[in-house]
Amino acid sequence: PILRANVLQDNYASTVANGTGGGIFTGFGSDPYLINTVLRGNTSGPNGTSRGAALAIEGAAMRLAHTTFVNNIGGDGSGIYPYSGSSVVLPNTILAPHTTARTVPSGNSASLAGVLWYNNTTNYGGAGAVAVTATVTGDPRFAGTDYHIDLGSAAIDEGTYALWGALQLA
């Protein structure tokens, strides 16, 4: 699927599979694209084996362009968690207050380009293959409750160009 301009907020992961994937759980063989998405206030399960408060990816490839992750909580504290041979590509991403913004275990991969880190306890976790380029740290200065950036945002003019096959995202 290709999903555009969505807000996924205030969701809770089921206790099935330890409550993994509070906002989105994508499974084996899927290859979704998300464009201009906000994942806000989602919660993974209550124990330390619950992962991916905003996003859990199991055995899949996922691409998210122009994505904002804000205040997702629960479990091991990871906002983004790919596992079981997964990969995730995240150009132009804002990751703001999380315990661990993204955790990538061994055997999985994540690629972030044009990322803004803000007020996370830890930005990285895990022993997986991770490529991070064009990073900036600072206040995103959100304009209201829709999570667009406002004047003075550290993200202004910091984005990167994203092109995926026939699907152009700029």
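Modeller: Leu95 touches Phe69, Ile80, Ala101, Leu112, Val115, Leu116, Trp117, Tyr118 and Asn120, leaving aside residues up to four places away in sequence; a contact here means heavy atoms within 4.5 Å. The model is a predicted one, in which local features need pLDDT of at least 70 and side-chain atom pairs count only at pLDDT 80 or more, while totals for chains, interfaces and linings use all residues. Residues are numbered from 1 along each chain as its sequence is written, and side-chain values use heavy atoms, with hydrogens and water left out.

Leu95 is among the residues with the most contacts inside the largest nonpolar core, together with Leu55, Met62, Leu64 and Phe69. This core has 20 residues. A nonpolar core is a set of buried Ala, Val, Leu, Ile, Met, Phe, Trp, Tyr and Cys residues joined through side-chain atoms within 4.5 Å. Buried means under 20% relative accessible area, exposed over 50%, and partly exposed in between, computed with a 1.4 Å probe on protein chains only.

The elements that give two or more residues to this core are strands S4 (33–40), S5 (55–58), S6 (61–70), S8 (87–96) and S10 (109–117). The largest share, four residues, comes from S10. Strands are DSSP runs of E with at least two residues, numbered from the N terminus. Apart from this core lies another, of five residues, including Ala96, Leu116, Val136 and Ala155.

Thr26 belongs to strand S3 (residues 24–26). Thr26 counts as buried because its relative accessibility is 8%. Its contacts, again without residues up to four places away in sequence, are Pro32, Ala56, Ile57, Glu58, Ala60 and Met62.

Two residues deserve a remark on their backbone. Most residues other than glycine have a negative phi. Ala134, although not a glycine, has a positive phi of about 50°; Ala134 is in strand S12 (residues 129–137) and counts as partly exposed because its relative accessibility is 42%. Asp157, also not a glycine, has a positive phi of about 60°. Asp157 lies in the loop between strand S14 (148–149) and strand S15 (162–164), and it is exposed, with a relative accessible area of 76%.

Finally, a word on confidence. The protein averages a pLDDT of 90, and 94% of the residues score at least 70; pLDDT is the predictor's confidence in each residue, from 0 to 100. Over residues 165–170 pLDDT stays under 50, and the model has 16 contacts beyond four places in sequence for them.
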